[in-house]
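I opened the model to look up a ligand site, a strand residue and a sheet. My notes follow in that order.

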Amino acid sequence: NVVMERIQRRKSLQLRNQQAAWQESNDGQSMMEFRRSLPAQKERQSLLEAISQNQVVVVSGETGCGKTTQLPQYILESEIEAARGATCSIICTQPRRISAISVSERVAAERGEKIGESVGYKVRLEGMRGRDTRLLFCTTGVLLRRLLVDRSLKGVTHVIVDEIHERGMNEDFLLIVLKDLLPRRPELRLVLMSATLNAEMFSSYFGGAPMIHIPGFTYPVRSRFLEDILEVTGHRLTPYNQIDDYGQEKSWKMQKQALRKRKSQIASVVEDAVKAADLRDYSPQTRDSLSCWNPDSIGFNLIENVLCHICQKERDGAVLVFMTGWDDINTLKDQLQSNPLLGDPSKVLLLACHGSMASSEQKLIFDKPEPGVRKIVLATNLAETSITINDVVFVVDCGKAKETSYDALNNTPCLLPTWISKASARQRRGRAGRVQSGECFHLYPQCVYNVFADYQLPELLRTPLQSLCLQIKSLRLGSISEFLSRALQSPESLSVQNAIEYLKVIGAFDQNEELTVLGKHLSMLPVEPKLGKMLIFGAIFNCLDPILTIVAGLSVRDPFMTPFDKKDLAESAKLQFSCRDYSDHLAIVRAYDGWRDAERDRNGYDYCWRNFLSAQTLKALDSLRRQFLFLLKDTGLIDENMTTCNKWSRDENLVRAIICAGLYPGVSSVVNKEKSVSLKTMEDGQVMLYSSSVNGKEAKIPFPWLVFNEKVKVNSVFLRDSTAISDSILLLFGGNIQQGGLVSSFALLI
Ligand code: ADP
Ligand code: MG
């Protein structure tokens, strides 16, 4: 021990010298200059004091003020200065992989180091950290899994939970666990960081923990709502181009007439909007006053028109466009690339910013472009709070974000674009005022904004709780309901019951809500239980290759594209991959295998083009497959050399069986009527198939059952993707025979 202490002491002194040397070097000084310009710097001392004197501190401050990159670094620096560098261990959690990685890279660069020295990161299936890493950025999920094996976080001196205002499920969960842990670890320090001012809730949750606010400065941002935007960009807005030239009318009377005409057209936009409203999760009163248009049709053109307007008419400055997801970002990007109205293509730098972007692209997002070049960043709500792009002057806000919502009553999770909250809209607007006064184009009428919810509902209250319930059990946190009742805001008991019921049905819990062997394995795989179950079965039955593809496809999206104007062609292209085996999942496997062969012959791009496949998705799928494989090796479910794990990969019926094992209880019965197929599920009664499903066009399906991954409730319930299975597969692989669940399901379905 004495030797150990001496080594650590020496190490600490060494770290202190290193840090000082960097701060005095030329590069270090200019970095320090930038850092000192951030608002957080002014609070450095008071933050550090509060943290040393209190076990829990809540820090709030405007996005971009330096919470994420500076505060953990202040703690690290002060520990190193106090010669405790070798013994401190700081963990800072991020809700998303991409921010954990990019922030750790940034902080390492600010310290003049490579990633993996004193600063590192760890996200699911990936990490960069060394023996001497003292500040670790990780996803919240990673810390939760660490708690699984190390319940008191031995050796950790500081835990910083970032972006708590987002109220992500993992963060809310972590807070319950940490609240329990604190009394057992009195020397552990906890810092909660939030981008909004409503820190009181968190503070009172932790018995009145002190709050520190970092005052920030932003320039004023002008808000323009749809009414206003139509005025500004008038003549380029489809379909309102007929009325563009009222300004040139000579007579005052004609001008006035034209103006009135335009006003009535604007009114009709709003009216159309009312009709097409997407009102799923609003109260009836809200529904009445809320109006919208279909986000897929008018949205793209509107955004495009606004961007053209900015490029042609407005001053210099980067543009940040908030979209709902990876796929519409790509669609818009393609559309914009061929739009001459944006001006000289060499003068426009179009970038995408979303959770799965490459790190080379990431760097471009932060860099200032060459003079005269307009940077346009198409982003998901990642850019709302976790990433700050300093030179943004214009923000275009589509008003929506994809959010997983979950309706406990019909037990259907969905990831759909929904209206953002007022808080999000404000946050998006604020992104335009970092360096000078800015402008925000909200692509919805003011009346829509007025009825936005104040804040987004916490994730815990709107998503299925299955993975969470598994984790609660594997962390041995006692009764699920009791545990969740201690949350900041507890979920409905019906949601909790549904999740527990589901876990029993799939065989992860026994009747006493305790983990089964399957449940234990599932809790170790950081994927949804159904995908985890497929992976486990794929490994056990030596049928891994196709299952990896299917699981990867289900966890991102399938690679089939359906462009609006070529829907039929695209659907028949997909049909070719089905080879009449009545399975969307097997179609993914064939499409992927074909692509892999084509890639080998360097024909991948051509192959995708011919078959309406997305090369990007296939690449994403490919890398996910590799991650899952790594995961299975890591948990010991397959052996390192993979000698036998593909022995039965060509057995199509086995693949169907494993799909069934994972997707059960997502089953519908098939009854072939004279010219059509009638489908029923236990919960919903009659259901329909999407036309993009390979089974969607069949007049007859020669199997008694379909298993499906996802159902979507529009007017009726639609199954998105499905695989046909036989009686014996359902009997042997559907759910958990011992519990009699299966027999009763048969009774209900037949
Ligand atoms: P907060 O967490 O309070 O929102 P951050 O610590 O993320 O703020 O960011 C502080 C500042 O550092 C911002 O001005 C941001 O633009 C800058 N910054 C953050 N990451 C990078 C990066 N990778 N490259 C360049 N600048 C960055
Ligand atoms: Mg931050």
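I looked up ligand 1 and found 15 residues around it, the closest being Lys67, Thr68, Thr69, Arg106 and Phe366; a residue counts as near if its C-beta atom, placed from the backbone, lies within 6 Å. The elements giving two or more residues to this shell are α4 (67-81) and α5 (97-110), and α4 gives the most, with four. Helices (H or I, at least four residues) and strands (E, at least two) are DSSP runs, numbered from the N terminus.

The model is predicted: local features need pLDDT of at least 70 and side-chain atom pairs 80 or more, while totals for chains, interfaces and linings use all residues. Residues are numbered from 1 along each chain as its sequence is written, and chains are lettered from A and ligands numbered from 1 in the order written.

Next I checked Val123, which is in strand β3 (residues 119-123). Is Val123 buried or exposed? Val123 is buried because 21 other C-beta atoms lie within 10 Å (buried takes 20 or more, exposed 12 or fewer, partly exposed in between, with C-beta atoms placed from the backbone).

Last, I traced an open sheet of six strands in the order β9-β16-β13-β10-β12-β11, with parallel pairing; two strands pair if DSSP finds at least two bridges between them. The edge strands, each pairing on one side only, are β9 (221-224) and β11 (348-353). Strand β10 (residues 318-322) is joined to strand β12 (residues 374-379) by four bridges.
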